[in-house]
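Here are some exercises to work through with the model open beside you. Try each task before reading its solution.

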Amino acid sequence: MNTAHDERANLETCVVGVDFGTLSGRAVVVRVRDGAELGTAEHPYAHAVLDRELPDGTRLPPDWALQVPGDYIDVLRHAVPQALARAGVRADQVIGIGTDFTACTVLPVLADGTPLCELPGLAGRPHAFVKLWRHHAAQGHADRINALAAERREPWLARYGGKISSEWEFAKALQVLEEDPEIYGRTERWVEAADWIVWRLCGTYVRNACTAGYKGQLQEGAYPSRDYLAALNPDFAGFVDDKLDQPIGELGASAGRLTAEAAAWTGLPEGIIVCVGNVDAHVTAPAAAAVEPGQMVAIMGTSTCHVMSSNRRADVPGMCGVVDGGILPGLWGYEAGQSGVGDIFAWFLRTGFPADYAERAESLDQTPHEYLTDLAARQKVGEHGLVALDWHSGNRSVLVDHDLSGVLVGQTLSTRPEDVYRALLEATAFGTRTIIDAFETSGVPVSELVIAGGLTKNPLLMQIYADVTRRPLGVIGSAQGPALGAAMHAAVAAGAYPDIGAAAHSMGKVHRGVYQPDPERAVAYDRLYAEYRLLHDYFGRGANEVMHRLRRIRTEASA
């Protein structure tokens with residue numbers, strides 16, 4: 001035992017950050033003075049993602065992705081006490097707790113916050129469960145929302161790059177109304193999970209400004225109008241007034257104080273500050289000390305979310321939104337993203353990693369990812385003769401179409417697994433470059449790229465991104481960027497810092513310029529990127545609708 005460390009820790013105030021991800025929740029205990037991470041713990045969701053069936057065996061159609069809200073409470077019960085124990089600090093040193101969530105992850109609840117899926121008789125009703133961010137079964141509803149908004153020239157549409165996503169609040173709610181009107185009728189509040197977990201912690205429902213702006217189309221204090229919603233469906237007219245609207249809590253503000261029940265779950269003192277909820281990507285920007293205009297942070301995990309603040313407001317095609325103060329006060333906050341990144345690499349390993357490769361990897365004491373990365377790293381740019389489209393989970397930015405699908409061009413009988421693996425790594429880098437190009441051609445400069453998330457552990461992937469984007473890559477100095485960011489917002493809410501910018505200067509962590517673009521490889525990638533963009537526009541902008549036709553055929557066959 002490090003007695004000196006324990007004695008120093010016992011003199012310091014701390015905050016707790018909890019990051020609710022796609023498959024698990026992570027808690028971190030952070031020292032307020034300097035952002036030192038004193039203890040961490042992770043707890044996997046018992047039900048993971050429900051994409052084939054409900055816990056009772058009810059089958060789910062294609063493109064569904066649900067979760068069980070009780071799994072989130074289990075994170076509070078297990079990960080927070082474990083992190084506190086590993087930190088070696090007393091509970092009474094903790095002055096606040098902050099949380100972040102995937103988004104848009106949303107659920108129907110009663111007026112007291114009870115999830116509908118927990119009510120008697122509703123365990124077999126899919127629409128009663130949490131809809132995870134990657135639930136893409138509302139694409140048709142999103143298409144109608146976009147078409148009507150464009151026809152009516154709704155002013156909010158341009159703030160979202162001309163299209164809203166099937167992942168967001170309105171499309172998912174409209175799907176519930178039209179596919180299960182009874183569940184819609186019993187829904188008293190349509191709540192972001194980011195706000196639901198804060199509600200459970202402090203007993204007060206406060207709607208956070210981040211998800212309201214980026215996922216709920218709240219612009220300049222107003223949602224889409226009742227008249228517009230009625231034009232979508234007369235029974236949808238009261239959605240905002242009856243189920244969605246709620247007082248807005250600013251980022252880094254207090255939502256309330258920890259209840260006795262939540263204190264028992266977490267082992268934290270009753271009455272400490274509970275911070276307003278936030279989104280995993282957006283809290284990571286200050287955690288990576290990216291608080292100046294033009295510093296883009298790409299949070300790379302199962303998917304990638306790109307967030308950046310700027311002193312310029314522009315309508316950037318295909319963005320997930322621009323919100324005043326959406327990330328940092330006083331700046332316009334932009335969001336973009338890729339629906340599948342790490343998920344694509346994991347899918348390939350599940351489906352395309354031969355037994356003899358697995359045996360060789362095991363003999364070298366390497367994971368499949370490590371083995372394929374080593375093989376792929378030996379190649380020159382373009383040596384595999386392939387180019388891929390990274391749309392295995394649809395396209396979030398810049399096409400905003402989750403009915404698109406993956407493409408791989410150039411395969412021969414000589415194509416090897418490492419060739420395909422590298423092509424998929426490169427495709428995601430091309431997707432990020434497409435997003436950066438969209439910003440810059442719209443007059444919003446991107447001066448720096450900082451990477452956070454679990455994929456920073458792959459050095460080949462990081463170097464490919466530097467070469468493809470022709471930018472130096474910084475890397476966040478924390479393995480728990482979102483949880484650290486949530487803790488930093490809790491420090492602000494508890495009064496330890498005047499604002500999140502000040503907290504970032506003391507608590508944020510970044511290693512700048514870790515990966516530098518290689519000029520020769522960058523030129524070679526320009527050629528492959530040109531081919532990617534040809535495929536991107538051919539399949540993604542209406543020249544060939546084969547992906548949509550195939551999806552319709554699959555849906556009909558699965559009915």
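**Exercise 1: the second largest cavity**

The second largest cavity has a lining of Gly-98, Thr-99, Cys-275, Val-276, Asn-278, Val-283, Ala-486 and His-489. A cavity here is a set of points on a 1 Å grid over the protein atoms alone where a 1.4 Å probe fits but cannot get out, and lining residues have an atom within 4 Å of a point.

This is a predicted model, in which local features need pLDDT of at least 70 and side-chain atom pairs pLDDT 80 or more, while totals for chains, interfaces and linings use all residues. Residues are numbered from 1 along each chain as its sequence is written, and side-chain values use heavy atoms, without hydrogens and water.

*Task.* Which elements give two or more residues to the lining of the second largest cavity?

*Solution.* Step one: the elements are strand S5 (94-101) and helix H17 (481-493). Helices (H or I, at least four residues) and strands (E, at least two) are DSSP runs, numbered from the N terminus. Step two: sort the lining by class, which gives four nonpolar, four polar and no charged residues.

**Exercise 2: the largest cavity**

*Solution.* Start with the lining, which includes Asp-390, Trp-391 and Arg-396. By class there are one nonpolar, six polar and two charged residues; Gly counts as polar in this scheme. The space inside is about 50 Å³.

**Exercise 3: one face of a helix**

*Task.* Why do the buried residues of H18 line one face of the helix?

*Solution.* First, list them: in H18 (residues 500-507), Ile-500, Gly-501, Ala-503, Ala-504 and Met-507 are buried, with under 20% relative accessible area (1.4 Å probe, protein chains only). Next, look down the axis: these residues fall within an arc of 160 degrees, so they line one face. The arc is taken from the directions from the helix axis to the C-beta atoms. Then see what covers them: strand S1 (14-20), strand S2 (24-31), helix H11 (280-287) and H17 are included. Last, at the start of H18, a side-chain oxygen of Asp-499 comes within 3.1 Å of the backbone nitrogen of Gly-501.

**Exercise 4: a loop residue**

*Task.* Is Ser-447 buried or exposed?

*Solution.* Locate Ser-447 in the loop between helix H15 (417-441) and strand S19 (448-452). At 54% relative accessibility, Ser-447 is exposed, the cut-off being over 50%. Its contacts (heavy atoms within 4.5 Å) are Pro-293, Gly-294 and Gln-295, leaving out residues up to four places away in sequence.

Notes
1 Å grid on protein atoms, 1.4 Å probe; cavity = no way out; pocket = protein on both sides within 12 Å on 5 of 7 lines; lining within 4 Å. Points joined across faces, edges and corners; volume = space filled by probe spheres on them. Polar contact = N/O pair within 3.5 Å; in protein donor to acceptor, adjacent residues only side chain to side chain.
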